[in-house]
Amino acid sequence: MGATNIATNSSSQWLFPLSALHNTPSRATSSIPLEKELYDRSRGVEFLYRLGVSLVLPSSAMYTAATWFHRFYMRYSMEDYHRQDVAASCIFLATKTEECGRKLRDVAKVVCSKVSHIDVTKIPDDSKEVEECQTSILLTEEVLLEGLCFDFVVDSPQADLVDLFEACPNDPQIEDCAWSIANDSYRTPLCILYSPKVIAAACYILAERAIEGPHSSSLDARIASPAPSASLPTPPSHKSQPSGTSRRAIEFFSFNEMELANVADALSILLEYYGAQDLQGSCQFLASVASIPPPHSSAHREKLYKPFAHVAATATQPVNSSTPEYVISQGGTPSHGGSSTPGKLPSSGWKPVMESTI
């Protein structure tokens, strides 16, 4: 099927209003429920991350590929192009644009390995499956290029986080947590809804609140404009926060009122995503993040996510515990080599989503 054009302004064609998620091609032409589309987007990005890690790609290539993945499905239906085919093509294209070239055959072998659960070293270069996978990647890449309008430029929230870390040094655990949340954000459609600095601020603010604990400033206080202390006295029974401690990101990026509203929505979507995981048996920290109250300003918005266990139960293809897709309910995002998610330098910080291995 042809591409469905939702955005027309070339200068902002890749940032969509939240309402656009209710009118994607998957919904408009295929009648796929929103919760199922969001679930499959998350599964697709998880698969994409696993490919990238196995191919030893730089994090920037995986962020770029994940962004293209979400952009693609704003113009094509998930019914017409399977998430794994699109994820593989996004990774292969990113190896070229990010100057970390990998042979098509090597990408195809890794894809076959992930799908069949066979060690990549045991897959012959000239196998029928590898040949078919190479053909699929190239055919899907042609559609991907059309869908992207050959616009390969992607800015990531991680770049803004680096600037924030350098300008406002903080607890390394908070920085590590913010980085991991930013990685997780690609499992949601945030990258096609808000600017990188808005996403970066939301990740940082959520990390601060998660690490500082339930007795620290609320999310509302951290994104309020003006700062609560500027107009309200501190109750005698409460310890006042040091000036600027809980508002580093807001002050660093100098957000206007509209951007603050976007930060609130981004925080709400991240919390919905974490809350949609199957928290039974997951790490305690993930459960504590999911329990953080969202900003009041986003309370009127209809929730995007439903519990993934419920979505998986109603899907035509049940989630198997041995597949990459299963890990979205299993705990956190490692920030070190050998994981299935791009990360920053190793640290002793948190791990919000524990990825299983294949």
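Residues 24 or more positions apart make up 75% of the contacts in the protein chain with a separation of 6 or more. Contact here means heavy atoms within 4.5 Å. This is a predicted model, where local features need pLDDT of at least 70, side-chain atom pairs count only at pLDDT 80 or more, and totals for chains, interfaces and linings use all residues. Residues are numbered from 1 along each chain as its sequence is written, and side-chain values use heavy atoms, with hydrogens and water left out.

The protein chain has 15 helices and zero strands. Those are DSSP runs, numbered from the N terminus: helices are H or I with at least four residues, strands are E with at least two. Of the 358 residues, 54% are buried. Buried is under 20% relative accessible area, exposed is over 50%, and partly exposed is in between, with a 1.4 Å probe and protein chains only.

Start with helix H7, residues 157–167. Which of its residues are buried? Pro157, Gln158, Asp160, Leu161, Leu164 and Phe165. Looking down the axis of H7, these buried residues fall within an arc of 155 degrees, so they line one face of the helix. The arc is taken from the directions from the helix axis to the C-beta atoms. A general point: an α-helix has 3.6 residues a turn, so residues three or four places apart point the same way. What do the buried residues of H7 pack against? H3, helix H8 (172–185), H9 and H12.

Take H9 from that list. The axes of H7 and H9 come within 8 Å and cross at roughly 60 degrees. Axes are lines fitted to C-alpha atoms, for helices over the stretch in contact, and angles run from 0 to 180 degrees between N-to-C directions. H7 and H9 are therefore oblique to each other. For the cut-offs: under 35 degrees is roughly parallel, over 145 roughly antiparallel, 65 to 115 roughly perpendicular, and the rest oblique. The crossing of H7 and H9 is right-handed. Right-handed means the near helix is turned clockwise from the far one by less than a right angle; left-handed is anticlockwise. On the H7 side, Pro157, Asp160, Leu161, Leu164 and Phe165 meet Pro196, Lys197, Ile199, Ala200 and Tyr204 of H9. That contact has eight nonpolar residues, no polar and two charged. Nonpolar covers Ala, Val, Leu, Ile, Met, Phe, Trp, Tyr, Cys and Pro; charged covers Asp, Glu, Lys and Arg; the others, Gly among them, are polar.

H9 (residues 196–212) also packs on H13 (residues 257–276), with axes within 9 Å and a crossing of roughly 60 degrees. That makes H9 oblique to H13. The crossing of H9 and H13 is right-handed. Contact residues include Val198, Ile205 and Leu206 of H9, and Val263, Leu267 and Leu270 of H13.

Now H2 (residues 34–54) and H4 (residues 83–97). Their axes are 9 Å apart, at an angle of about 40 degrees. The crossing of H2 and H4 is right-handed. Here we count seven nonpolar, three polar and three charged residues.

Last, two loop residues. Valine 56 sits between H2 and helix H3 (59–72). Its phi is near 55 degrees, positive in a residue other than glycine. Buried or exposed? Valine 56 is exposed, at 63% relative accessible area. Serine 254 lies between helix H12 (248–253) and H13, with phi near 50 degrees. Serine 254 is exposed, at 57%.
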